[in-house]
Amino acid sequence: MQNYLIKNIMVVNEGVSAIRDVLIKSGRIEKIDRSIQPDILVTEINGEGLHLLPGAIDDQVHFREPGLTHKATIYTESKAAVAGGVTSFMEMPNTMPPVFTQELLEEKYTIASNSALANYSFYMGTSNDNAAEALKTNSRKKDICGIKIFMGSSTGGLLVDNYLTLDKIFQESELLIATHCEDEKIIKANLERLKKEKGVLEPADHPLIRDEHGCFESSLAAIQFAQKYNTRLHILHISTEKELALFSNMKPLGQKNITAEVCVHHLHFTSNDYAQLGNLIKCNPAIKAPHNREALWQALLDDRLDVIATDHAPHTLEEKHVSRNAAGLLTPVPAEAGSYEKSHAGLPLVQHSLLLMLHYVKEGRISLEKVVEKMSHAVATCYQIADRGYIREGYKADLVIVNMNTTTTATKENILYKCGWSPLEQFNFPAAITHTFVNGNLVYGNGQWNESNKGERLLFNR
């Protein structure tokens with residue numbers, strides 16, 4: 001294994017930014033100091049004018065393999081993640097077939113061990129009738145990130161709306177439970193009402209169908225189950241101001257039993273963007289009215305929201321009912337074509353999530369140290385990930401070098417997702433990811449790839 005010495009770089013870690021040298025040896029961070037004179041053969045990288053961050057850890061992605069590989073694979077999406085500075089991911093169970101058994105769960109680990117360029121973990125899936133099988137994951141809590149419950153509609157039987165099933169899982173799970181919280185009955189009632197009122201629905205109706213009330217009621221129910229049994233609960237992709245009343249910043253993250261995530265698209269887009277982007281930004285839970293975005297930002301900064309993720313969920317342009325025009329630009333289908341109800345929900349985001357947050361650093365909305373906290377440190381703490389998420393001596397060398405003095409534009413030519421598009425196309429980010437180390441291996445450096453080493457399975461201190 002090659003060893004590296006990164007010289008004179010601004011290390012951003014645990015709330016402090018300082019110029020240091022960093023020595024990477026045998027896949028780990030060997031030393032952090034002001035001026036390191038290595039006693040081993042190293043490849044030296046000049047870090048002057050650059051920033052070194054711990055690799056981002058995305059706790060919610062959909063990489064579609066097995067069964068949906070026409071739109072994504074673990075290889076393609078992990079490569080996009082690494083290009084965007086994401087060195088570890090946790091992937092959801094709504095593949096084909098859904099991950100309802102321990103055997104199907106382990107099959108995904110086998111696929112990843114042969115193809116993932118980033119480190120990986122996979123959630124155990126749940127349905128209304130697989131509680132006993134899902135709870136077998138208790139015996140594997142040191143090497144499985146968590147149990148996923150869709151409390152709102154999803155695909156392939158993954159919806160869990162039977163309260164007896166929910167009660168059993170919350171009572172007996174020894175792992176973190178991650179929930180998608182939207183109330184199915186409220187969603188269906190809103191959909192039927194709007195159909196009667198309007199006839200043809202359009203993308204701007206999406207946040208009216210999957211509204212604030214549906215999110216709040218489902219999140220409240222999840223929290224009540226967790227409080228009843230003192231269960232470790234993590235609620236994914238909070239999208240409403242109303243839900244924020246359910247979360248607290250009165251304890252340090254490591255002492256919280258109930259935590260919450262916000263996704264980059266809910267921090268960036270609002271319902272005003274449906275007019276231009278249409279189905280391109282259709283996702284669940286929906287992107288909602290602007291006051292929700294402002295409230296999410298405030299809750300992120302005051303630590304009611306604990307981590308930033310993507311909910312990366314690629315679909316083909318055909319599935320989104322979007323095409324490209326003669327100039328190659330994305331062109332949403334007009335509402336009258338009835339495309340809204342046919343369009344799949346989900347956005348591909350993992351290649352640009354860190355860059356998007358660096359945009360908000362440049363805008364003065366958030367500090368670089370806070371971005372590192374929410375995308376790396378807090379995820380590691382929240383999930384009790386072993387030896388990752390921080391720039392510390394002895395930790396795995398999952399590291400990202402960022403140039404804050406240049407720009408990156410997302411274009412169809414440089415997008416690495418298999419689906420081949422992004423809702424952020426033509427956006428000009430005020431930074432660039434120049435190097436990404438995964439377990440001490442320089443997988444991506446200045447546009448060059450070394451794919452000879454695969455990522456590792458995440459382990460958890462539980």
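Modeller: Let's start with a charge over a ring: R457 lies over the face of Y109, 3.5 Å from the ring centre. To count, CZ of Arg or NZ of Lys must be within 6 Å of the ring centre and within 35 degrees of the ring normal. This is a predicted model, where local features need pLDDT of at least 70, side-chain atom pairs count only at pLDDT 80 or more, and totals for chains, interfaces and linings use all residues. Residues are numbered from 1 along each chain as its sequence is written, and side-chain values use heavy atoms, with hydrogens and water left out.

Biologist: And which ring has R392 over its face?

Modeller: R392 sits 3.8 Å from the centre of the ring in question. That ring belongs to Y390.

Biologist: How many aromatic pairs does a search of the whole structure find?

Modeller: Rings of Phe, Tyr and Trp (its six-membered ring) pair if their centres lie within 6.5 Å; planes under 30 degrees apart are stacked, over 60 edge-to-face, and the rest tilted. Searching the whole structure that way gives 13 aromatic pairs.

Biologist: Why is the pair of Y109 and Y120 called tilted?

Modeller: The ring centres of Y109 and Y120 are 6.2 Å apart. The pair is tilted because the planes stand at 55°.

Biologist: How many residues apart in sequence are the parts that this pair ties together?

Modeller: Helices (H or I, at least four residues) and strands (E, at least two) are DSSP runs, numbered from the N terminus. Y109 is in helix α2 (residues 102–115) and Y120 in strand β8 (residues 119–122), so the parts tied together are separated in sequence by eleven residues.

Biologist: Is Y109 buried or exposed?

Modeller: Buried means under 20% relative accessible area, exposed over 50%, partly exposed in between (1.4 Å probe, protein chains only). Y120 comes out at 5%, which counts as buried. With a relative accessible area of 3%, Y109 is buried.

Biologist: Which residues form one aromatic cluster with Y109 and Y120?

Modeller: The cluster holds both of those tyrosines.

Biologist: What is the angle between the planes of F170 and F225?

Modeller: F170 lies in helix α4 (residues 163–172) and F225 in helix α7 (residues 212–229), so their pair links parts 55 residues apart in sequence. F170 is buried at 1% relative accessible area, and F225 is buried at 8%. The pair is stacked, with 5.3 Å centre to centre and a plane angle of 20°.

Biologist: Now the backbone. Which residue is joined to P97 by a cis peptide bond?

Modeller: P97 is in the loop between β7 (86–91) and α2. The cis bond has omega of about 0°, and the partner is M96.

Biologist: What is omega for the bond from N284 to P285?

Modeller: P285 is placed in the loop between α9 and α10 (290–301). The bond is cis, with omega near -5°.

Biologist: Is D311 buried or exposed?

Modeller: D311 has a positive phi of about 55° although it is not a glycine. The residue is found in the loop between β13 (307–309) and α11 (317–320). At 9% relative accessibility, D311 counts as buried.

Biologist: What is phi for D387?

Modeller: D387 lies in the loop between α14 (368–383) and β16 (399–403), and is partly exposed at 31% relative accessible area. Its phi is positive although D387 is not a glycine, at about 60°.
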